[in-house]
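Here is a short note for a colleague who is new to this structure. Please keep the model open while reading.

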Amino acid sequence: MAVLPTAAEFGLSAGIQPNLVVKERYKTFSDTQNYCAASIITQMSAYCSVAAAINEIGNRFAFDNSAKRNYAAATLQMLKSVKT
């Protein structure tokens with residue numbers, strides 16, 4: 001998750017303002033309050049839902065679970081957001 005904001009900013013820097021723009025409401029996750037990457041997860045939740053609840057259900061981010069489809073989906077969502 002930590003590399004996604006930088007990757008998005010890099011993608012946007014090709015002739016466009018490289019700052020990430022909030023496109024949705026920030027999401028509140030029930031399990032990230034004391035997690036070291038909580039601010040990045042919150043930031044990316046408002047950027048085209050790059051950070052979303054596990055399996056897009058409920059409000060648990062599940063940062064301690066192994067990366068699976070969610071990581072690939074987040075990366076693809078970030079790339080789509082950069083293009084728009």
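The points below cover confidence, the core and one loop.

1. This is a predicted model: local features need pLDDT of at least 70, side-chain atom pairs count only at pLDDT 80 or more, and totals for chains, interfaces and linings use all residues. Residues are numbered from 1 along each chain as its sequence is written, and side-chain values use heavy atoms, leaving out hydrogens and water.

2. Confidence first. The protein has a mean pLDDT (the predictor's confidence in each residue, from 0 to 100) of 80, and 86% of its residues reach 70 or more. Confidence is highest in α2, at a mean of 90, and lowest in α3, at 72. Helices here are DSSP runs (H or I, at least four residues), numbered from the N terminus.

3. Next, the core. The largest nonpolar core has 16 residues. Such a core is a set of buried Ala, Val, Leu, Ile, Met, Phe, Trp, Tyr and Cys residues joined through side-chain atoms within 4.5 Å. M44, Y47, V50 and M78 have the most contacts inside it. At least two residues each come from α1 (3-12), α2 and α3.

4. Then the loop between α2 (38-45) and α3 (69-83), where A62 sits. A62 is not a glycine, yet its phi is positive, about 60°. A62 is buried (under 20% relative accessible area), at 6%.

5. F63 lies in the loop between α2 and α3. Leaving aside neighbours within four places in sequence, F63 contacts (heavy atoms within 4.5 Å) D31, T32 and Y35.

Notes
Buried < 20%, exposed > 50% of the residue type's maximum accessible area, 1.4 Å probe, protein only.
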